[in-house]
Amino acid sequence: MTEASSLPSSHPLLDGRTAQSAVVLAYQGVRPQTRPIWMMRQAGRSLPEYRALREGTAMLDSCLRPDMAAEITLQPVRRHHVDAAIYFSDIVIPLKLAGVDVDIVAGVGPVMGAPVRSLSDVLALPDLDPDSLQPITEAIGIIIGELGTTPLIGFAGAPFTLASYLVEGRPSREYLHTKALMRDDPSTWHALLAWTATITGEFLRAQAIAGASALQLFDSWAGALTLDEYLEFAAPHSRAVMDAVSDLPVARVHFGTRTEHLLVAMRDVGATVMGVDQLTTLERANELLGGTTPLQGNIDPELLTADWPELQAHVRAVLKSGLAAPAHVVNLGHGVPPGTDPDVLTRMVELVHEEG
Ligand code: CP3
């Protein structure tokens, strides 16, 4: 692969550590012997060791302390024996690194000092100084030193999802301000998304070069858009993010919730793997995508509190449905809920490894 030269030769994908790992193979459409599994939000509040370590440290500070971010990333790999680590950070970290006034309020989510709603607000957004990415590079260096043959997945929030936090000022169910800005002031909208795409592309690229073996772009809230809205107002900017890393030999996973109507459009911005939530079966997703795209998903997070036989039957159904796709990385349909019993997660990973 000629493009491999853009990663350092000491990168885990190039020096032999992760190239044959089950997750990397499945992301390339090759079915490994055992179905691999990792879980969105595996690093976090479901783990007592996470809560203990986080005690007294604000969420965003913990993301920017390389030793702490590294330790939190590794905790679920040690405990559950998942097949990949997801880098412990947050989609608002590039905003914070650029100097935007943002915080994560416990139980609420990302909250902005002031919402961004006018052209002058957008023009005042600062550039990301590449030196500010140092804590990320340093954390990933520690992580890959410990992970050995287990790949690290880097991630970022897609422009639409990130912009919805900037425009609403806090988590929203309705996206009223976001949709109003999109419709009423499209030039401000596109300027805002172009800015988020630039910093997001830089954040993703830094993670890959520092050692991530795959990247996932979360457009968690894109399902709030119709297909036409998505194509006009979101897709060009998600494509710009994918383009910022498409010269690197790492898989590009794209994920959103309630996005059955957008799956093909989301793949076509430049994703190589599609994440699917629990509202669409993997068989259906595979059919929509034409049978050529490896899939990731989609155990229903709500069933993590069901009786074990019920969860077991559901996991088996997901494994069966995943056989339709060229390859399948098992995951949840969305993140691990905070109150989940970690022993259930460990048992589920064992089940997938035994039967997948
Ligand atoms: O294990 C992992 O998945 C890695 C870490 C990770 C976090 N956030 C840590 C986190 C990842 C991949 C994210 C991505 C993220 N952040 C997304 C996309 C994925 C998704 O869930 O849809 C979004 C939309 C965000 C924004 C965000 N950050 C929300 C909505 C929240 C929840 C607010 C709450 O407290 O309920 C956060 C906070 C957050 N990000 C926590 C964690 C572990 C909880 C904060 C804490 O532990 O105090």
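This is a predicted model: local features need pLDDT of at least 70, side-chain atom pairs count only at pLDDT 80 or more; totals for chains, interfaces and linings use all residues.
Tryptophan 189 is buried, at 0% relative accessibility.

A search of the whole structure finds 4 aromatic pairs. Phenylalanine 160 and tryptophan 189 make one of them: their ring centres are 6.1 Å apart and their planes stand at 55°, so the pair is tilted. That label follows because stacked planes are under 30 degrees apart and edge-to-face planes are over 60. The two residues come from distant parts of the chain. Phenylalanine 160 belongs to helix α8, residues 159-168, and tryptophan 189 to helix α10, residues 186-210. They are 29 residues apart.

Now turn to the sheet. It is open and has 7 strands, in the order β1-β4-β5-β6-β7-β8-β9. The pairing is parallel. Which strands form the edges? They are β1 (85-86) and β9 (328-332), and each pairs on one side only. Further in, look at β5 and β6. Strand β5 covers residues 214-218 and strand β6 covers residues 251-255. These two strands pair in the parallel sense over 5 bridges. Phenylalanine 218 has phenylalanine 255, in β6, as its bridge partner.

Helix α10 touches β4 (152-157) and β5, and its direction makes about 175° with that of β4. Helix α14, residues 308-322, touches β8 and β9. The direction of α14 makes about 160° with that of β8.

Next comes the nonpolar core. In soluble globular proteins, nonpolar side chains tend to be buried together. Here the largest nonpolar core holds 125 residues. Tyr27, Leu95, Leu192, Tyr230 and Met348 touch the most other members. Which helix or strand gives the most to this core? It is α10, with 11 residues.

Charged side chains come next. Side chains of opposite charge can pair when their charged atoms come close. In this model the count comes to 11 salt bridges. Start with arginine 79. Its side chain meets that of glutamate 49 in a salt bridge, at 2.8 Å from N to O. The pair links distant parts of the chain: arginine 79 sits in helix α4 (residues 66-80) and glutamate 49 in helix α2, 30 residues apart. Arginine 79 has a relative accessible area of 26% and so is partly exposed. Glutamate 49 is partly exposed as well, at 25%.

Arginine 79 also forms a salt bridge with aspartate 343, at 4.0 Å from N to O. Aspartate 343 lies in helix α15 (residues 342-355), and the two partners are 264 residues apart. Together, Glu49, Arg79 and Asp343 are linked in a network of salt bridges.

Another salt bridge joins arginine 267 and aspartate 268, at 2.7 Å from N to O. Is arginine 267 buried or exposed? Its relative accessible area is 17%, so arginine 267 is buried. Aspartate 268 is partly exposed, with a relative accessible area of 41%.

Finally, check the backbone. Most residues other than glycine have a negative phi, and most peptide bonds are trans. Some places in this model depart from that pattern. Arginine 41 is not a glycine, yet it has a positive phi of about 60°. Arginine 41 lies in the loop between α1 (22-27) and α2 (48-54). Arginine 41 is exposed, at 56% relative accessibility.

Tyrosine 175 has a positive phi of about 60° too, although it is not a glycine. Where is tyrosine 175 found? It is in the loop between α8 and α9 (176-184). Tyrosine 175 is buried, with a relative accessible area of 9%.

One peptide bond also calls for attention. The bond from glycine 297 to asparagine 298 is cis, with omega near -20°. Asparagine 298 lies in strand β8, residues 295-299. Helix α14 touches that strand as it packs on the sheet.

Methods
Residues are numbered from 1 along each chain as its sequence is written. Side-chain values use heavy atoms; hydrogens and water are left out. Rings of Phe, Tyr and Trp (its six-membered ring) pair if their centres lie within 6.5 Å; planes under 30 degrees apart count as stacked, over 60 as edge-to-face and the rest as tilted. Helices (H or I, at least four residues) and strands (E, at least two) are DSSP runs, numbered from the N terminus. Buried means under 20% relative accessible area, exposed over 50%, partly exposed in between (1.4 Å probe, protein chains only). A nonpolar core is a set of buried Ala, Val, Leu, Ile, Met, Phe, Trp, Tyr and Cys residues joined through side-chain atoms within 4.5 Å. Two strands pair if DSSP finds at least two bridges between them. Contact means heavy atoms within 4.5 Å. Axes are lines fitted to C-alpha atoms, for helices over the stretch in contact, and angles run from 0 to 180 degrees between N-to-C directions.
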